[in-house]
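Me: Please take a close look at a single part of this model. I would like its surroundings in one connected account.

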Amino acid sequence: MTVLRIKHQTIYSFESGVSLNPHRLLLRPREGRELRLLSHLITIAPANEVTWAQDVFGNAVAMVNFMAMTDKLVIESLSEVELSSSAWPVFPVAASAVSYPFRYSDEEWTDLGALAAPQYRDGGDAVRNWAQSFVLGSTTDTLSLLKDLNQGVTQWIRYEARDAEGTHSPNETLQLGIGSCRDMAMLFVEAARFLGFGSRIVSGYLYDPDMSRVGSAGSGSTHAWAEIYVPGAGWITFDPTNRSVGGHNLIPAAVARDIRQVMPVSGSYLGATFSKMTVEVTVSAK
């Protein structure tokens, strides 16, 4: 087991005082079978009131209402988590799903719903055809297919950090041949859906003590990856940016159908021109 300390600080500066509209925060690490949340504290300035809720995906959402005008917004999240996931996981895939194509049960298909349906239609059949190019026969090993698709993203797409807000559509990423971790993750998710898999996007943190992972700025950073539902094994983690499978170095904060639903900080303001944003993330072993 590994105990990690996560610090995530975001600072927005404005040229003069602004009125802040309500902000939505997805910063609390998401507990699960392989992750236990030991502590979590959010500190925000200026004066505010925070209420907590769970969204439709079970994410912990903090809604922040502000009580004063300000020329600076500071949001700091401090977390401690315990990770117990293996670096070399073995997935107990159900016999019915060992070979692709397979059929989800009626209940699974109903519950997966939109998570199994492609969300982007801007590229015609480009992403569908690209995804199907990884299917090498009338039947193939399910995990091998997903691993090939995971590795295929980095074979086709060159990683490029992008600080600007927003995510390219899967077709844009495929056509450009470059993308950030969120672009690459969303391409993988959409391609998997074209193959009939239930898929969801994940945002959170990458723990990278030896700084060997793509997308890391120092010992840790915010990151985006994907999960695929496979009967028997459940949700399996895939990080196409790093060609990895399993979540031994990943700390999820939120899961959703689309990348736009898992932004760590979202909100708006009224007033002066936005001046600067700085984000600092550290993930360290305790």
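Reply: Leaving aside neighbours within four places in sequence, I201 is in contact (heavy atoms within 4.5 Å) with A185, M186, V189, W225, A254, V255, A256, R257, D258, I259 and V262. This is a predicted model: local features need pLDDT of at least 70, side-chain atom pairs count only at pLDDT 80 or more, and totals for chains, interfaces and linings use all residues. Residues are numbered from 1 along each chain as its sequence is written, and side-chain values use heavy atoms, with hydrogens and water left out.

I201 belongs to the largest nonpolar core, which has 45 residues. Such a core is a set of buried Ala, Val, Leu, Ile, Met, Phe, Trp, Tyr and Cys residues joined through side-chain atoms within 4.5 Å. Buried means under 20% relative accessible area (1.4 Å probe, protein chains only). W130, L149, F197, I201 and I228 touch the most other members. Elements giving two or more residues include helix 2 (126–132), helix 3 (142–156), helix 5 and strand 12 (220–230). Helices (H or I, at least four residues) and strands (E, at least two) are DSSP runs, numbered from the N terminus. Helix 5 gives the most, with 10 residues.

Now helix 5 itself. G196 follows helix 5, with a positive phi near 100 degrees.

A second, separate core has 27 residues, among them L25, V64, V265 and V283.

Conventions: Buried < 20%, exposed > 50% of the residue type's maximum accessible area, 1.4 Å probe, protein only.
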